[in-house]
Amino acid sequence: MEAKEVTGTQSRTERADFQATADPALNEAADRTADVKLLTYGELYGLWERQQWQTQELDFSQDREDWAGFPEEERFQRMYGLSSFFIGEQKVAEELGPIMRAAPTEEQRIFLCTQIADEARHVRFFERFYREVGVLDADGLTQMLAQTAEHLNENFGLLFDEMLKRRTDRLSEEPEDSEALVEAVTLYHMVIEGMLALTGQHFIMDFNEREGTLPGFVEGFQNVARDEHRHVAFGSVFLREKAHEDERCKQAIQRTLEEAVPVAEGVLSPPWAPEDEDYELFGFSIADTRAFAAKCLTRRLKVIGLG
Ligand SMILES: [Fe+2]
Ligand SMILES: [Fe+2]
């Protein structure tokens with residue numbers, strides 16, 4: 001298929017269903033003012049009910065042909081992004097329980113229950129894509145996750161298995177620790193979902209749309225991205241409330257970002273990429289991805305009250 005000049009990104013983020021999440025990163029006004037309307041927890045729940053989708057409905061037949069036709073080198077390079085998402089979805093699905101339980105209000109907990117269901121669906125989306133397309137030849141989900149984990153870099157392990165797990169373990173033991181909760185939400189919703197997941201999705205979808213490849217994957221991944229905007233919208237409203245309530249929470253957000261942002265930037269670079277910031281992969285540089293992630297984070301922080 002002929003490469004298109006204008007990619008789908010712009011039109012995607014302007015779509016009514018993406019805008020409906022009120023994620024500050026999708027709102028240009030957040031460049032200028034912190035006074036941006038966010039959805040309430042109840043409104044976010046209502047949106048979740050209206051934005052359901054099924055992994056079973058996606059058609060991966062063209063994707064299977066595309067994948068078989070990619071040169072081996074390209075398949076290997078694509079595995080870094082795919083593996084980071086697949087394992088990332090599994091880890092966030094399984095680490096959200098302690099955060100949900102520690103959230104102080106009923107409204108917050110009910111929304112976070114919907115998010116656990118979303119993250120489970122995202123894991124199944126990747127599993128189904130891998131299986132139907134023939135990315136890996138593994139028997140069960142456990143074996144598939146173990147095989148794909150070989151493609152990850154060290155920063156990935158540090159961010160999820162050390163930094164995130166330390167906070168969720170703490171919340172399991174001490175759900176009343178409100179600073180630990182603020183740190184966990186900052187790491188989970190602002191850094192992992194807001195900076196990493198949505199940035200990776202943006203560039204991966206853009207590349208496939210330009211190349212006209214993996215249409216079933218792109219369709220499903222758009223649904224995943226819309227879910228992630230809704231999750232980040234929850235993180236934004238939660239952290240805005242906390243930052244206004246208590247100066248110590250504001251400091252907890254700042255401290256977590258200082259610790260996590262450099263590690264997250266390391267995750268954006270594949271293990272085999274040269275140190276050079278201008279290194280290009282799939283038509284964009286590592287510096288481009290970092291700049292995109294930083295811009296989204298800046299808008300969200302402004303709305304939270306830290307900009
Ligand atoms: Fe997810
Ligand atoms: Fe998410």
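## A buried histidine at an iron site

His231 has a relative accessibility of 0%, so it counts as buried (under 20% relative accessible area, with exposed meaning over 50% and partly exposed in between, using a 1.4 Å probe and protein chains only). This is a predicted model, where local features need pLDDT of at least 70, side-chain atom pairs count only at pLDDT 80 or more, and totals for chains, interfaces and linings use all residues. Residues are numbered from 1 along each chain as its sequence is written, chains are lettered from A and ligands numbered from 1 in the order in which they are written, and side-chain values use heavy atoms, leaving out hydrogens and water.

## Who holds the iron?

Which residues are the protein donors of the iron ion (ligand 2)? They are Glu119 (OE), Glu193 (OE), Glu228 (OE) and His231 (ND1), lying 1.9 to 2.2 Å from the ion. Donors here are N, O and S atoms within 2.8 Å of the metal (3.2 Å for Na, K and Ca), and water is not among the atoms, so sites may look incomplete.

The 4 donor atoms subtend angles of 93 to 163 degrees, which makes the arrangement irregular. To count as tetrahedral, four donors would need all angles between 85 and 135 degrees; square planar (four) or octahedral (six) needs opposite donors over 155 degrees apart and all others between 65 and 115; anything else is irregular.

Glu119 sits in helix 6 (residues 106–133) and His231 in helix 10 (residues 215–245), so to speak a link between distant parts of the chain, 112 residues apart. Helices are DSSP runs (H or I, at least four residues), strands are too (E, at least two), and both are numbered from the N terminus. Glu119 also counts as buried, at 0% relative accessibility.

## Helix 4 meets helix 10

The axes of helix 4 (residues 61–69) and helix 10 come within 6 Å and cross at roughly 120 degrees. The axes are lines fitted to C-alpha atoms, for helices over the stretch in contact, with angles running from 0 to 180 degrees between N-to-C directions.

## Out in the open

Is Glu173 buried or exposed? With a relative accessible area of 63%, Glu173 is exposed, and it lies in helix 8 (residues 154–173).
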